[in-house]
Amino acid sequence: MKICCKFLSIICFIAGIIVQAQNNYPQNYFRNPLNIPIQLTANFGAVRSNHFHMGLDMRTNSRENLPVVAAADGYVSRIKTERYGFGNAVYITHPNGYTTVYAHLNKYFDKLDENVKAQQYKDKKWEQDITFSPKQFPVTKGQLIALSGNTGGSAGPHLHFEIRDTKTEECINPLLFGFNIPDNVAPVISGLYWYDRRFSTYEPGANTIAVKKLGNVYTTNIVQVSSPSISFAIKAFDKANQGFNLGIYNAELFLDDQLIYSFSIDKVSYDDTRYLNGCIDYTKFARDKMSIQHLSSLPGMKLQGYSLPNETGIITLQDEAVHTIKIVLKDVKGNTSHLTTKIQLSKKGHPFSPAEGKTAKANEAKTFRTQNAELILSKNALYDAVPFDMYEKSDGGGSVVSNAIILHNPYIPVHDYYTIRIKPNRKLNNDEKDKVVMQLFYGSDTDVVKGKWNGEWVEGEFKRLGTVTLLLDNTLPLVSPSGWKDGAIVNGGSLRLKGTTQTGDIVSLVAELDGQWLRFARVKNDFVYVFDEKCPKGSGGHTLKVTTTNTAGNTNVQTFTFQR
């Protein structure tokens, strides 16, 4: 009975912390930025590839061009127009010290759209990042500021909404501001894992524990562990009455009723959002698409405010007694789930030695070399120790001009850019040197950068591990009409070009209509021009000159004709 009361007291204390966090922010100051009820497809802190989700994703009923309105009085302080990321975004600064961000928009409100368009034509550049003074575009709460869309790094129509501290630019969990989103569903727990922490969470990796639900409590069979130093991780999600799997807001880990680790996702800056990779089982996420969050600290995870400095979550078992583990998960509304289990150090025990390889540790810079390559990791590169394996193998033929350099494997994360230097496997003339790119394969994806020569070595930087080679790229980038034919009459409201390149990306496109620069927007791999006064209907035949450049620096000039 005393233990139960003690546990309830701890839970009440944690609930008080959550309420206090909410009370630290103005309640009901910001309104719903849409004119339909808020339905979330993603919440703040949800696990994404190499970053936390930094706001709320709101459904727009699978439609585009819904009105987006200002969440409170303020002024438009910034807009951003980019291929990936936010696509088209509006930033509104408010007098209470916060800035709201609205992303993946199709169109800004008319006066703002005209201003941005004029700047694009002036700069002859579609991508823009423009700041404004308070008097240029003041807005009132509920005023139309844009139409919703699916631009940038968006996988479907929705509105991405953020609240930031204006001074620090930290993103704050919008659900702490009192938005009216009904939620009486507790987080769902679907998996529990333990790790041998004598070396690293990566070696030998996760040990799965089957979870079952009994009434309102999750539990497992007694867990026999083979290491005296362990940690746990949880696979769980929140539902929020709406069917979508959302991220976990708050988690606590207790050993024999003593709190030994907790995390809550209240605020994160974009400078720190990549630390997500030190909060999850990255291997499971990258390889198996599973979102598993650690209930312990990794040595290289330095995200401030995510967990308390004195809570490591690492359990040291000094006996073979049975110990009680409790895990408590909460959402912002206070809905709570509990998991209880027992752990015991196995009498047999198992000695452990990491896999062969030169050890790279968190918080230590390290350089690895092979005969024809050199890898330089900064002290911030790793979150946990890795028995690092780097080697090379021949990869001849075609455009490949170096051995393949294998950098461990793509299922171990790196936090910042590393430098890789590679020596070509044959002598290249100056023209060839100018067309060398460095290509990284990681999983099923590739990343290509322009090679930088340093003596007889080619240098490049990446933020993922995998296999790196040097390629000689003499191919030209291409664009082709999409939805219309060269020399024909174009109907509809836009002109679309499909871009292709054999290696790397199209890094530049300049389009000129009858000799004048034309505003083509980048939409994923396509380029789209929405007809405006530069090309009115019935204006006769037109010549469209398109100049594209790829990663290697190869430039292609193509000419098309059309009428409207």
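Domain bounds, as used here, come from an automatic or database domain assignment. In this predicted model, the lining of the second largest pocket draws at least three residues from domain 1 (40-176) and at least three from domain 4 (478-563).

**The second largest pocket**

About 580 Å³ of space lies in this pocket, and its lining is made up of 26 residues, among which Asn88, Asn106, Trp126, Ala521 and Val530 lie nearest the centre. By residue class, the lining of the second largest pocket divides into nine nonpolar, eight polar and nine charged residues. Helix H2 provides the largest share of this lining, namely four residues. The elements that each supply at least two residues of the lining are set out below.

| Element | Residue range |
|---|---|
| Strand E8 | residues 98-108 |
| Helix H2 | residues 110-123 |
| Strand E43 | residues 521-523 |
| Strand E44 | residues 526-530 |

**A five-stranded sheet**

Elsewhere in the description stands an open sheet of five strands, whose order is E31-E32-E38-E34-E35 and whose pairing is antiparallel. Its edge strands are E31 (390-393) and E35 (445-450), each of which pairs on one side only, and from one strand to the next the twist averages 25°. Within this order, strand E32 (residues 404-407) and strand E38 (residues 467-472) run antiparallel and are joined by two bridges. Which residue of E38 does Ile406 stand opposite? The residue facing Ile406 across this pairing is Thr467.

How values were computed:
Residues numbered from 1 in each chain as written. Predicted model: local features only at pLDDT ≥ 70, side-chain atom pairs only at ≥ 80, totals over all residues. Heavy atoms only, no water. 1 Å grid on protein atoms, 1.4 Å probe; cavity = no way out; pocket = protein on both sides within 12 Å on 5 of 7 lines; lining within 4 Å. Points joined across faces, edges and corners; volume = space filled by probe spheres on them. Nonpolar A, V, L, I, M, F, W, Y, C, P; charged D, E, K, R; others polar. Pairing = 2+ DSSP bridges. Axes fitted to C-alpha atoms, helices over the stretch in contact; angles between N-to-C directions.
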